[in-house]
Amino acid sequence: MRRLVFRGLALLLLAVFLFALFPLSAFAAEPESAEVPEAASGTDFFEHTVEISSPEEFFAFAEGCSLDSFSQNTRFVLTADLDLSGSHVAPIQLFQGSFEGGGHSIRGLDLTGDGSRQGLFRRVLAPGEVKDLFVYGSVRPGGTAQFVGGIAGENSGTIHNCAFIGEVAGRRFVGGIAGKNAGTLSHCSFSGTLTGERDAGGIAGTSTGAIWSCANSGAVCSTPIDVLTETEFNINTFDISQLTTEDFVNISNIGGIVGSSSGTVMNCENQGIVGYKYQGFNVGGIAGKTSGYLCTSRNLGPVWGQRDVGGIAGQLEPYVSMVFSEDLLNELQTEMDALNRSVNAISGSINSSLGAGAETISQMASYSRALAEQIVSIVPTEGIPDLPDLPTPGDGEINFPDFPVIDTPDFSQITANLDLLMNGSTQLISLMGSAASGVTGALRSVNTHANAIQAILRRAVENASPDRDLTEDISVQEAYNIDTGAIADCENTGTVLADTNAGGILGICAVELSFDVAGQLDFSSYLYTDTKTTFFSVVRSCLNTGDVTVRDSYAGGIAGRMTQGAVAGCGNSSAVRCENGDYCGGITGLSNGTVFDCYARSSVSGSKYLGGICGSGVNILTCLSHVKFTEGSEFLGAIAGWAEGDLSENRFLTNPAGGIDGASYAGKAEPIDVLQLRELEEVPDYFQTVSIRFIHPDGTETVRSVRLGGKLRGTPRVARDSKGQPWEWDDAPDGPIYENATVTGHYAVPIPVLTSQEDRPVYLVEGVFSEEQTLSVLDPESPWPDSVLPDPILLRSAALLVEGYGADLTVHMLAPSNGTLHLHRPDGSWEPADYEADGSYVVFRLPNGGTFAYTEISLRSFPLAPVCIGAGVLIAGSVTLLLLLRKKRRKALQRSPEESLTTDKTDGSKEEKPSV
């Protein structure tokens with residue numbers, strides 16, 4: 001904590017130096033850039049044509065572009081694919097001509113040396129253009145690594161129909177196509193991986209120009225980035241390199257298309273992952289931060305970050321307009337000059353105590369330039385300038401107009417920093433100890449003049465409006481008329497995940513303090529509420545269908561947090577969750593602006609301040625909601641958990657939570673039922689139609705649409721897997737449906753045997769069954785007829801059914817194995833069937849749902865007389881045979897003695913037998 005305090009105080013001291021070293025007039029007169037002259041006017045753009053067909057010719061072209069005039073008025077045409085692998089490749093320095101790729105590719109680009117403004121082209125200057133080119137490779141410079149792009153480090157010309165495929169990495173202002181864009185990027189694409197700490201985007205890192213019809217499918221800052229480690233602050237060895245804005249926030253302004261934009265972004269699409277979970281500020285599916293015009297763009301990929309995270313934009317900065325008199329500005333200049341003299345009086349002593357010398361002072365001034373320019377930005381201003389309209393895309397060439405740089409002056413930031421200067425100079429006296437001797441009086445003089453500057457600014461705003469109506473937000477009345485500071489006609493389907501301030505379209509709408517992006521410092525005591533300021537910011541006609549989740553507070557289906565501005569004509573049909581916090585709403589989590597003409601159908605969960613439209617809101621008009629609260633303790637309402645200001649004509653589908661904090665109000669927050677809803681005019685289809693997404697085993701989807709409150713008719717059929725296992729849908733909705741749902745499934749774990757429910761089952765059936773399937777033993781479909789067998793004993797007869805099973809059943813039936821089996825055929829007849837004995841069971845095949853009869857033959861079924869006659873005949877026959885045998889034996893005993901006492905010998909003589 002001590003190190004952070006030291007570093008913060010040192011930053012305040014830098015701000016003192018800024019006022020001393022750079023008079024306001026110097027800033028006002030200095031042009032934005034004078035580093036590279038543009039092509040001379042009045043000349044034909046294409047005076048020469050040069051063809052490039054080999055790596056050698058390309059290297060010669062690149063070497064020639066070291067001179068700015070080399071490419072002027074010249075068309076360079078690539079006539080073959082080039083492979084630069086294994087060659088030392090240096091970026092093309094300055095380009096002002098036309099480079100026509102002709103659909104060819106350049107492969108093997110590998111830029112890893114230290115430096116900034118790195119890419120295939122370091123700088124594309126107006127009126128230069130690069131078009132129809134595909135570049136494969138890697139741009140990963142070391143060192144400062146700022147303004148890094150796949151095609152160009154900086155672009156103020158036109159880059160059209162170009163693609164970069166590969167890896168781009170840098171520290172700040174990093175883009176898949178251009179690190180910085182002040183011209184036009186149109187119909188360009190990036191795929192691969194992109195990494196940057198601040199102002200990083202799939203197409204451009206930062207843009208003050210136009211980005212039109214571009215697409216990103218690459219991963220943007222989707223891996224964790226190591227932040228700068230804190231260094232020990234020592235007043236005697238202090239060096240300016242220890243103190244930059246990165247000391248306060250390292251990862252910010254990350255977008256699928258552009259990191260930060262004050263120009264126009266139109267017709268763009270992002271499909272890649274943007275951000276890393278719970279890391280980074282101002283993270284958006286299209287833009288990390290925007291203060292210009294962002295429209296007709298779509299995000300399909302997941303968006304992750306820590307704070308200020310949105311499916312389309314992380315942060316929307318309102319346009320701010322202020323009007324001050326020239327007399328007051330002159331008075332302000334006088335006090336600034338006095339402050340300059342005070343700082344000059346102590347600069348020598350400060351330089352000596354810091355041991356930095358003149359070079360370090362120069363570095364301090366360079367790093368402080370931005371804050372000085374904020375003072376210059378306070379000039380008489382009337383109205384809000386519109387960005388020029390873009391042309392309609394066609395088949396031919398697209399000529400884009402020049403886009404002005406839109407500055408957003410922040411008066412509150414100036415006054416806050418002046419207060420910090422005064423506090424810092426006082427604390428530095430004690431912190432510097434002996435080093436402060438000789439400069440204490442001068443530091444106190446700094447406080448005196450800073451106080452005077454604040455008094456001038458305070459008096460300026462007090463005199464600006466005699467009726468003291470000093471703040472005007474024109475967002476509602478001009479919602480559909482002004483484009484600067486607008487997000488319009490955009491759609492998000494990707495999931496949004498953050499710690500706080502997250503929305504399906506926008507994370508936060510607020511003016512940002514440049515060195516307090518994280519919002520960690522408390523400026524409440526420094527911000528004046530009586531500042532005469534005109535604001536404009538709007539999110540209009542946008543739709544979100546992606547779930548929004550924050551671990552803490554402030555989540556909305558459209559915007560997480562709106563400090564001012566308007567949300568107009570937007571819709572949300574997704575789930576919004578605050579896992580451990582408050583302020584969660586179907587449209588906004590917290591809104592201090594106005595929400596009107598919005599529709600929300602979603603589930604909302606959190607702790608407190610939960611609403612179908614706003615968790616907590618001011619001015620909610622003509623909105624319609626249907627909300628399901630899955631969690632919540634207090635301050636719940638189908639329109640808002642809490643609301644004040646103008647409330648009118650808001651309606652909601654009947655909900656026990658009431659309209660606002662448990663109560664409903666006629667004309668302000670009224671309940672309606674489904675039938676009344678269907679009678680309303682101009683209710684959008686997405687509100688009245690519920691979508692059920694079925695995710696198939698191969699990852700494909702089937703979407704079934706159901707009218708709000710209707711029922712799902714059947715589920716998609718999925719073939720069995722290679723093992724014959726059936727697919728089962730998990731928790732498919734079967735009642736009235738009021739919200740979107742995603743249904744997944746699984747292949748059932750097969751169950752080989754189902755049984756009837758007796759202690760000793762009478763029936764067991766074999767097959768491949770699911771966990772949900774059971775065996776049903778039903779009454780026979782047809783009774784057993786007497787005509788099949790006369791008077792049988794019916795042992796078993798039933799119909800066996802397993803719902804949802806399409807194969808025959810192998811039946812094991814508890815029964816003796818001496819019966820007769822018949823199956824009932826579809827034509828109504830009974831057919832004998834075979835079976836096998838298996839212990840106490842008999843086994844046979846039966847169609848699923850089929851009926852069988854198992855019988856035993858009864859003796860009573862045979863006639864008695866024929867049986868008796870047959871038995872008598874059998875007995876009489878047996879007696880007769882026995883009498884015949886006895887008679888034959890007597891005859892044998894009655895033979896003569898000679899016959900009985902002699903036998904024939906083998907030679908024919910007689911031999912006497914011995915007498916008995």
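Let me start with F99: leaving aside neighbours within four places in sequence, F99 is in contact, meaning heavy atoms within 4.5 Å, with I52, F58, F61, F76, L78, F121, E129, V130, K131 and L133. This is a predicted model, in which local features need pLDDT of at least 70 and side-chain atom pairs count only at pLDDT 80 or more, while totals for chains, interfaces and linings use all residues. Residues are numbered from 1 along each chain as its sequence is written, and side-chain values use heavy atoms, with hydrogens and water left out.

F99 is also one of the residues that touch the most other members of the largest nonpolar core, which has 103 residues; F58, F61, F121, I211 and I487 are the others. A nonpolar core here is a set of buried Ala, Val, Leu, Ile, Met, Phe, Trp, Tyr and Cys residues joined through side-chain atoms within 4.5 Å. Buried means under 20% relative accessible area, exposed over 50%, and partly exposed in between, with a 1.4 Å probe and protein chains only. Another core, of 21 residues, lies apart from that one and includes V762 and Y854.

Next, Y136. Y136 sits in strand β8, residues 129-139; strands are DSSP runs (E, at least two residues), numbered from the N terminus. Y136 counts as partly exposed because its relative accessibility is 26%. Beyond four places in sequence, its contacts include S105, R107 and I165.

Last, strand pairing, where DSSP must find at least two bridges between two strands. Strand β12 (residues 172-175) runs parallel to strand β16 (residues 198-201), joined by 3 bridges. Within that pair, G175 stands opposite G201.

Conventions
Helix = DSSP H or I, 4+ residues; strand = E, 2+ residues; numbered from the N terminus.
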